[in-house]
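Let's take a walk through this model together, one stop at a time. Keep the viewer open as you read.

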Amino acid sequence: MNISSSNKISESVTWVGKWTFVLAAAGSAVGLGNIWSFPYKVGEEGGSAFVLIYLGCILLVGLPIMMAEIMIGRYAQHSPVSAMKKAALDSGKTGYWQAVGWTGLVSGVLILSFYSVLAGICINYIGIAAMPSTEITSVEQYAQVTGSPLRLFFWHSIFIGLNIAIIASGVIGGIERMVRLLMPMLFILMVVMLINAMINGDFKAGLNYLFAPDFSKVSSETFLSAMGQAFFSLSLGMGSIMCYGSYMRKSENIFKTSLTVAGLDTLIAILAGLAIFPMIFAYGMEPQQGPGLVFKSLLAIFIEMPLGNLIGPAFFMLLSIAALSSAISLLEPSVAYFEENKIVSRFAAAVILGLLIWFIGIGSVLSLNNWESTFFLGERNFMDSIVYLTFNFLMPLGGMLVAVFAGWFFKPKLAMEELSGAHLNIFKTWRFFIKFISPVLVASVFVYQLTS
Ligand code: TRP
């Protein structure tokens, strides 16, 4: 079937290239999650045990749920809210399943509000890495950046503006070109940084830290954090991938594409860990310092590295673009919803939602600037609260509900049709996982966290 003849969401969005879905989904998945939050969460949770649990989550929870999201999106050919409703009604179930879509829209707005502030820092670092100050250390440099709310606010506004412009013009298909060219470049730079870490870093300490099994540091929080990170990195549990799935051609194989996207995403996260931790140990930095870890250590790496003042800016430029292709996928589901229900035009939806997100983002700007208000989640400030709420609660919850729906409520015949490109055994394995393994694992992590 040709997607352009089907009941698709928007005239302006038609994915025709064979690789477009994979590229767009990979563009969504690969972003700050891999390079900013993966290393800092590894550091916070003490290394290898977290990495192992993370990999387990990708395989046992992430991959089956990614297939489920794509399947529902492609089946229903609508944005997540309406897609959940249609998939439920067509299976003879209540349309209230659309609530899962709504949760996703809320998560998307919340995630993008802090994501944009961090991406703004990346853009700012392009210039900083080109001309690092000789008077201050990378740690002081980070303090200077985050210490200036105006500067954070400026780059946050630029980043949101770029998002609005891209989404408003409906050129999601345009990211195909961007990703096709720039993702391999990012990959090559990361390999260069890996080689640098092998030569100039304490590579053995880095490897040990990331991979030598050490379960002494595992707590219920480790499981929750690894699972949240897996959802975040794969763009799951909020509708990004479901929305992109609705633009996917029927002839594409959902299993293979999911495997490719999850594989690429994981590869890049591991590469980031391997490039960064050996240097952290070589410089005697503390891995356990939270969200600032990566910015501080990356700048230190580029200052020391040969050609660092060329490679550094190039790296931050590519990272900013990777963040942009992820951010677009965070905004698209809600804009698509407004557009499809003819509430307002695509342009107006992009502007209204963009401004809302921009406004909420100001809270994160102030949080980075030592706004020590303990907000709604314990000791955490505003930004950390939103990070915690989305990573450790909203996305796993959204993902779990998608799994429960896909495994227990969606008509097996329809699922079979969507996944028919796959071998029967793959379908059966997927079905077993999505019914019994993925949702149960997510639920147990929740329960374990609550009871310990
Ligand atoms: N996966 C992206 C990253 O790693 C962020 C992202 C995009 C995301 N879309 C999402 C996270 C949907 C959660 C849900 O940077």
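Start at helix α4 (residues 80-90), where K86 and D90 both sit, 4 residues apart, or about one turn of the helix. Keep in mind as you look that this is a predicted model. An α-helix has 3.6 residues a turn, so residues three or four places apart point the same way. Here the two side chains do pair up: K86 forms a salt bridge with D90, and the closest N and O atoms are 2.8 Å apart. K86 counts as partly exposed because its relative accessibility is 30%, and D90, with a relative accessible area of 29%, is partly exposed too.

That pair belongs to a count of 8 salt bridges. Another one joins the side chains of D214 and K217, at 3.0 Å from N to O. D214 is partly exposed at 27% relative accessibility, and K217 is partly exposed with a relative accessible area of 42%. Then look at E339, which forms a salt bridge with R346, the closest N and O atoms being 3.2 Å apart. R346 has a relative accessible area of 6%, so this residue is buried. There is also a network: R74, K250 and E418 are joined into one by salt bridges that share partners.

F187, I188, L264 and L267 make a nonpolar surface patch of about 330 Å². The elements giving two or more residues to this patch are α8 (175-200) and α12 (254-282). F187 is found in helix α8 and counts as partly exposed, at 32% relative accessibility.

Next, head inside to helix α13 (residues 293-304). With 12 residues at 1.5 Å a residue, α13 should span 16 Å, and its end C-alpha atoms are 17 Å apart, which agrees. Why call α13 largely enclosed by the rest of the structure? Because 10 of its 12 residues are buried. Among them are L293, F295, L299 and F302, along with K296 and S297. What do the buried residues of α13 pack against? Their partners are α2 (32-45), α5 (98-130), α6 (138-146), α8, α12 and α14.

Finish in α14, which covers residues 308-340 and holds S334. S334 has a relative accessible area of 3%; since buried means under 20%, this serine qualifies. Setting aside neighbours within four places in sequence, S334 is in contact with L105 and L353.

Note on methods: Residues are numbered from 1 along each chain as its sequence is written. This is a predicted model: local features need pLDDT of at least 70, side-chain atom pairs count only at pLDDT 80 or more; totals for chains, interfaces and linings use all residues. Side-chain values use heavy atoms; hydrogens and water are left out. Buried means under 20% relative accessible area, exposed over 50%, partly exposed in between (1.4 Å probe, protein chains only). Contact means heavy atoms within 4.5 Å. Patches are made of residues with over 30% relative accessible area and no salt bridge: like charges are joined within 9 Å, nonpolar side chains (Val, Leu, Ile, Met, Phe, Trp, Tyr) within 5 Å. Accessible areas come from the Shrake-Rupley method with a 1.4 Å probe; for residues, only the protein chains shown count as cover. A salt bridge is a side-chain nitrogen of Lys or Arg within 4 Å of a carboxyl oxygen of Asp or Glu. The expected span of a helix is 1.5 Å times one less than its number of residues.
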